[in-house]
Amino acid sequence: MPVSAYLKAGLFVVAAAAALFAAAGTVAIPGFWAYLAIFAVVMIVSFAALDPDLLRERMRPGGKKPPLALKVFSLVLFMHWIVAGLDRGRFHWSDNVPGWLQGICLFTVAAGYALALWAMRVNRFFSSVIRIQTDRGQHVVTTGPYAFVRHPGYTAGILIIAASGPALGSWLAAALVVIFSLPFLLHRAITEDRILQVELAGYSDYAARVRWRLVPGIW
């Protein structure tokens, strides 16, 4: 991977820290440090354990810049970090999340990232956009979490989004990121599944065997 990729990943973590602590006006919030530690570990493991070709695909899908929708998604993440910082450090609008729930949600965020990394580890076609990667020899992946659900990456994303706000101790941040991100993820999961069934050889047979899109036994 080029040095610029590592630099961008590092800057993203630093920017997340800046959004949280600058908004809060203090660094004395342990939950923020725990959240950022998870985030940093995910970045390190991604570069250490994932296929470099997959990382290039995720950063520049199809050799192109990420689409506007992903940039907006990133903006929503930053906005919810800023709101969490303002809530916890300055205005205390809705920072009464119980400590035990914050702990559970931090664990859930970590579990969500672990699931996403597992999915990316077994699926080198885990792009950041919806596209059939004929240029990369895409085929159906049925191992790892794909043996249980067809879109474990979206399952992971939903876990992270649902838990992120409470993990940071802010109900308002939780509402913001859920309202503006969850519909996007659900729409992408449905759209991607439809495209794969039509355009990717063998996917419809796989979908007949693995019935559940996101949650075993539910949907």
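Reply: A residue is called buried under 20% relative accessible area, exposed over 50%, and partly exposed in between (1.4 Å probe, protein chains only). This is a predicted model, in which local features need pLDDT of at least 70 and side-chain atom pairs count only at pLDDT 80 or more, while totals for chains, interfaces and linings use all residues. Residues are numbered from 1 along each chain as its sequence is written, and side-chain values use heavy atoms, with hydrogens and water left out.

Me: Is Asp135 buried or exposed?

Reply: Asp135 counts as exposed, because its relative accessibility is 53%, whereas Arg131, at 22%, counts as partly exposed.

Me: How many salt bridges does the structure hold?

Reply: A salt bridge requires a side-chain nitrogen of Lys or Arg within 4 Å of a carboxyl oxygen of Asp or Glu, and the structure holds seven. One of them pairs Arg131 with Asp135, with the closest N and O atoms 3.0 Å apart. Salt bridges with shared partners also join Asp51, Asp53, Arg124 and Arg136 into one network.

Me: Which parts of the chain does the pair of Arg124 and Asp51 tie together?

Reply: The closest N and O atoms of Arg124 and Asp51 are 3.3 Å apart. Arg124 lies in the loop between α5 and α6 (152-167) and Asp51 in the loop between α2 (30-49) and α3, so the pair ties together parts 73 residues apart in sequence; the helices are DSSP runs (H or I, at least four residues), numbered from the N terminus. Arg124 also forms a salt bridge with Asp53, at 2.9 Å from N to O.

Definitions and conventions:
Helix = DSSP H or I, 4+ residues; strand = E, 2+ residues; numbered from the N terminus.
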